[in-house]
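Please look through the sequence and the model shown below before reading on. The paragraphs that follow lead from charged pairs to sheets and end with a single residue in a helix.

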Amino acid sequence: MFPDQQLAFVDIETTGGRTTSDRITEIAVVYTESGQQQPQVFHTLLNPNASIPPFIQALTGISNQMVEQAPHFNDEIADRLSVIFKERIFVAHNVRFDYGFIKAAFKRLGRTFNPQQLCTVKLSRQLYPEHKHHGLDKIIARHNIDMHNRHRAFADARAIYDFWQQLKHNFPASTLHQACKTIMQRPSLPAHLNNDVLKNISDDYGVYLIYGDNDLPLYIGKSKQVKTRLLSHFGQDVHNSKEMSLSQQAKKIDVIPCSGELDALLTESAQIKQRQPILNRRLRRQKDLFSFQLSTNTHGYDTLNIVSMRHVQFNEQQRYYGLFHSKSDAQKAIKSTISNTDLCLQTLGIEKGSSNRPCFRHQLHQCSGACINKITATTHNLKLALALQKIKLAAWPFTSYAYIKERQKYHIFHNWIYLGSASNSDELHTILSQPQGQLDRDVYQIIQQHKHRLQALNPAHVCPD
């Protein structure tokens with residue numbers, strides 16, 4: 001068993017949960033010196049050089065006035081901590097949070113802080129597997145630990161120290177030592193995840209779902225090496241506020257195995273749209289899509305009309321440009337696309353104006369004059385085609401369905417719409433007999449990345465039983 005002289009029990013209070021922007025307001029370390037029976041304490045309030053949010057003040061009882069004259073996290077405090085942890089293990093409840101903030105504070109001083117760490121949440125879970133919850137409040141109640149001033153650094157650090165003293169009394173030294181050793185040797189995982197969570201996860205293509213309380217999805221991601229990617233997520237939490245938030249809330253992980261990169265991309269997109277995880281910023285659910293369709297006015301000038309893409313058939317005769325989630329997004333995008341050209345917004349139908357009268361941009365010498373027939377329709381149309389080339393939607397290159405094969409799975413597409421994936425003829429028949437879904441901008445972009453792999457579908461030759 002680790003002797004008390006090798007351990008230091010830590011708790012901090014902060015202005016929030018992000019190591020990059022929030023700061024420590026209080027720090028306490030309880031530790032034992034050689035030859036002394038009573039533990040020593042390092043404890044101080046800290047000026048975060050920022051306002052403490054009201055809900056944090058209510059939780060901790062630490063007000064802006066209390067820290068106004070307190071020291072900032074400076075070299076003197078860093079020196080004291082460095083001495084304490086020179087040969088001691090950093091012990092905390094949900095250790096990654098406390099360690100992450102102190103490490104970040106050291107980094108802002110241009111210094112390093114890398115003691116070994118031991119998490120008492122994981123230790124409680126290891127030694128008391130019959131209990132479901134291992135938060136500090138539960139442990140205090142379960143072990144009748146004397147507590148005053150909960151959510152103050154010294155009181156919480158002392159509670160962790162007292163919990164350790166009870167563990168020494170309740171378990172043989174060899175059992176306690178082995179539990180600590182096992183936890184410290186395992187891959188670094190969030191405190192509330194079971195230590196065996198990665199045991200049966202393959203390090204192959206897949207989509208992973210990280211859940212918080214009440215089985216609500218926090219984040220959905222993909223990787224060609226899922227286990228490695230998850231370890232990377234949780235290994236970065238002391239440096240990245242998003243990863244820290246994810247680690248603090250993570251309670252469960254599910255993995256959907258995938259047949260390859262395309263399968264992972266399509267599955268991730270579908271899962272995010274279906275489940276709406278709170279930490280995913282992209283690939284959100286869409287109601288409809290809009291695009292610009294090219295047509296020609298009575299004078300031969302090409303114009304643009306915003307159209308819904310709900311029932312569009314892609315072919316060479318119909319020309320579409322861009323995919324947008326709203327008509328206003330489409331308007332903004334097209335103005336940005338042609339902002340560096342002298343095309344006429346009035347002629348294009350983007351802005352209103354009187355026929356055969358110069359538009360506003362022409363008066364500013366920013367329009368070449370299609371609005372007053374100053375340039376030919378041929379010249380105007382060529383300039384427009386060049387400006388729109390980057391956002392032109394591709395025509396569907398097949399007369400019917402197409403597929404991309406990954407390992408033993410066939411991904412089925414039609415008109416740039418993903419219909420589903422099949423591993424046998426029955427699954428393929430089910431996909432082809434269902435109504436076709438709606439065009440999805442993210443899926444369109446995914447297929448474009450892999451369109452060189454598309455092959456025309458002959459159901460008789462695909463997915464043999």
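Is E33 buried, partly exposed or exposed? With a relative accessibility of 31%, E33 counts as partly exposed, where buried means under 20% relative accessible area, exposed means over 50%, and partly exposed lies in between, for a 1.4 Å probe and protein chains only. This is a predicted model, in which local features need pLDDT of at least 70 and side-chain atom pairs count only at pLDDT 80 or more, while totals for chains, interfaces and linings use all residues. Residues are numbered from 1 along each chain as its sequence is written, and side-chain values use heavy atoms, with hydrogens and water left out.

Side chains of opposite charge can pair when their charged atoms come close. A salt bridge is taken here as a side-chain nitrogen of Lys or Arg within 4 Å of a carboxyl oxygen of Asp or Glu, and by this rule the count comes to 17 salt bridges. One of these joins the side chains of R88 and E33, at 3.3 Å from N to O. This pair links distant parts of the chain, for R88 sits in the loop between α3 (75-84) and β4 (89-92), E33 sits in the loop between β2 (24-31) and β3 (40-45), and the two are 55 residues apart; helices (H or I, at least four residues) and strands (E, at least two) are DSSP runs numbered from the N terminus. R88 counts as buried, at 12% relative accessibility.

Another salt bridge is formed by the side chains of R407 and D204, at 3.2 Å from N to O. R407 lies in the loop between β12 (402-406) and β13 (409-414), and D204 in the loop between α8 (173-185) and β6 (206-211), so the pair ties together parts that are 203 residues apart in sequence. R407 is partly exposed, with a relative accessible area of 47%, and D204 also counts as partly exposed, at 25%.

E268 and K222 form a salt bridge too, their closest N and O atoms being 3.5 Å apart. Here the pair links helix α11 (residues 261-275), which holds E268, with strand β7 (residues 217-223), which holds K222, across 46 residues. E268 counts as buried at 9% relative accessibility, whereas K222, at 34%, counts as partly exposed.

Turning to the sheets, three strands form an open antiparallel sheet in the order β10-β9-β11, where two strands pair if DSSP finds at least two bridges between them. β10 (302-308) and β11 (320-324) stand at the edges, each with a single partner strand, so one side of each is left without a neighbour in the sheet. Strand β9 (residues 290-296) pairs with β11 in the antiparallel sense over three bridges, and F292 has Y321 in β11 as its bridge partner.

A further open sheet has four strands in the order β14-β13-β12-β15, again with antiparallel pairing, and its edge strands are β14 (417-422) and β15 (455-456), each of which pairs on one side only. β12 and β15 pair over two bridges, and A402 stands opposite A456 in β15.

The last stop is N381, whose place is in helix α15 (residues 377-388). N381 counts as buried, at 17% relative accessibility. Leaving aside its neighbours within four places in sequence, N381 is in contact with G300, Y301 and D302, contact meaning heavy atoms within 4.5 Å.
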